[in-house]
Amino acid sequence: MNSKVCIALDFDSTAKVVEFLDSFPGGEKLLVKIGMEVFYGQGLEIIKTVKSYGHDIFLDLKLYDIPNTVKSAMSQLAKLDVDIVNVHASGSIAMMKAAIEGLEEGKIKDKRPLCIAVTCLTSLSQEVLNKELLIDRTIDETVLQFAKNAKEAGLDGVVCSPLESKLIHDNLGLDFLTVTPGVRLKDDSIDDQQRVTTPSDARVLTSSYIVVGRPITRAKDPYATYKKIVREFEGE
Ligand code: C5P
């Protein structure tokens, strides 16, 4: 990948995405995340636009459906030639295996896109897990079980909080990727995230990649903030 800091392009129009990307120096290749908001609004056009910059793309659509539907959906997504796609681990091992089959079926290069599974959303608290979702386990236990399921299904890694990265790597090995949102610089607002860490803590906690949205996209100087986060995460 071009970078280990993935910028979440959570904008509502292609024009805003373009304006944001153009504020960065040309030539620097990025890893960016295209999520539901911009994809549902702009469709395939946004993928083509971002690809024209040469950036790597994490297409974050978090698939969750019966295995057959996920397989055929993934076969279509593989044709877009993006670099990372994802599913919800709670959809089951069978659903995750079907996702990989679909990607293999639809891939247009030798290698299929990486596929990772969302464990527990970083906006979920222990209280919500227990009282609303009736999952009578700790967040750590739930995340680790979901990560084990993802590995068994043949996925490349998980989306989780940096706070769970080490637990996952200790149990499943460093090659199993942890892609971690919920990252904030020391003085940033935490917004709607619950379980957050700084970029340097994420490095110590062994995150493979960090995903950062609002701290960069809403910064006065997004590029300077991005570089600061890269430096903190990479420990330069
Ligand atoms: O703006 P912020 O840095 O909070 O953005 C984090 C990004 O990561 C958002 O695009 C959000 O959808 C995504 N995400 C998350 N927690 C997960 C999975 C994805 O925050 N578990």
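**Note on the predicted model**

1. The structure under review is a predicted model.

2. The residues concerned can be named. H8 spans residues 162–172, and its buried positions are Pro162, Glu164, Ser165, Ile168, His169 and Leu172. Viewed down the axis of H8, these buried residues fall within an arc of 140°, so they line one face of the helix.

3. Helix H1 (residues 14–22) may be read in a similar manner. Its buried residues are Thr14, Val17, Phe20 and Leu21. Around the axis they cover an arc of only 125°, which places them on the same side of H1. Ala15 and Glu19, on the other side of H1, are exposed.

4. The cover over the buried residues of H1 includes both strands and helices. The strands include E1 (5–8) and E2 (31–35). The helices include H2 (36–42), H3 (44–51), H10 (214–217) and H11 (222–234).

5. As to the chain overall, the secondary structure of the protein consists of eleven helices and eight strands. The radius of gyration is 17 Å, close to the 18 Å that the globule rule gives for 236 residues, so the chain is as compact as a globular protein of that length. Along the principal axes, the C-alpha atoms fill a box of roughly 45 × 40 × 30 Å.

6. Of the 236 residues, 52% count as buried. Among contacts with a separation of 6 or more, 68% are between residues 24 or more positions apart. The accessible surface comes to about 11,100 Å², and carbon and sulfur atoms account for 50% of that surface. The chain carries 29 positive and 35 negative charges, whose mean positions are 2 Å apart.

7. Lys62 is not a glycine, yet has a positive phi of about 45°. Lys62 belongs to strand E3 (residues 56–63) and is partly exposed, with a relative accessible area of 23%. Thr206, likewise not a glycine, has a positive phi of about 70°. Thr206 is located in the loop between H9 and strand E8 (209–212) and counts as partly exposed at 22% relative accessibility.

8. Asp136 sits in the loop between helix H6 (126–131) and H7. With a relative accessibility of 71%, Asp136 counts as exposed. Between Asp136 and Ile47 there are 40 Å in space, C-alpha to C-alpha, and the two are 89 residues apart in sequence.

9. Ser90 is found in the loop between strand E4 (84–88) and helix H5 (93–106). Ser90 is partly exposed, its relative accessible area being 39%. Apart from neighbours within four places in sequence, Ser90 is in contact with Tyr64 and Phe146. The C-alpha atoms of Ser90 and Val70 are separated by 13 Å, the two residues being 20 apart along the chain.

Terms used
Residues numbered from 1 in each chain as written. Predicted model: local features only at pLDDT ≥ 70, side-chain atom pairs only at ≥ 80, totals over all residues. Heavy atoms only, no water. Helix = DSSP H or I, 4+ residues; strand = E, 2+ residues; numbered from the N terminus. Rg over C-alpha atoms; globule rule 2.2 N^0.38 Å. Buried < 20%, exposed > 50% of the residue type's maximum accessible area, 1.4 Å probe, protein only. Contact = heavy atoms within 4.5 Å. Areas by Shrake-Rupley, 256 points an atom, 1.4 Å probe, with all protein chains shown as cover. Lys, Arg positive; Asp, Glu negative; His and termini not counted. Charge placed at Lys NZ, Arg CZ, Asp CG, Glu CD. Arc of directions from axis to C-beta.
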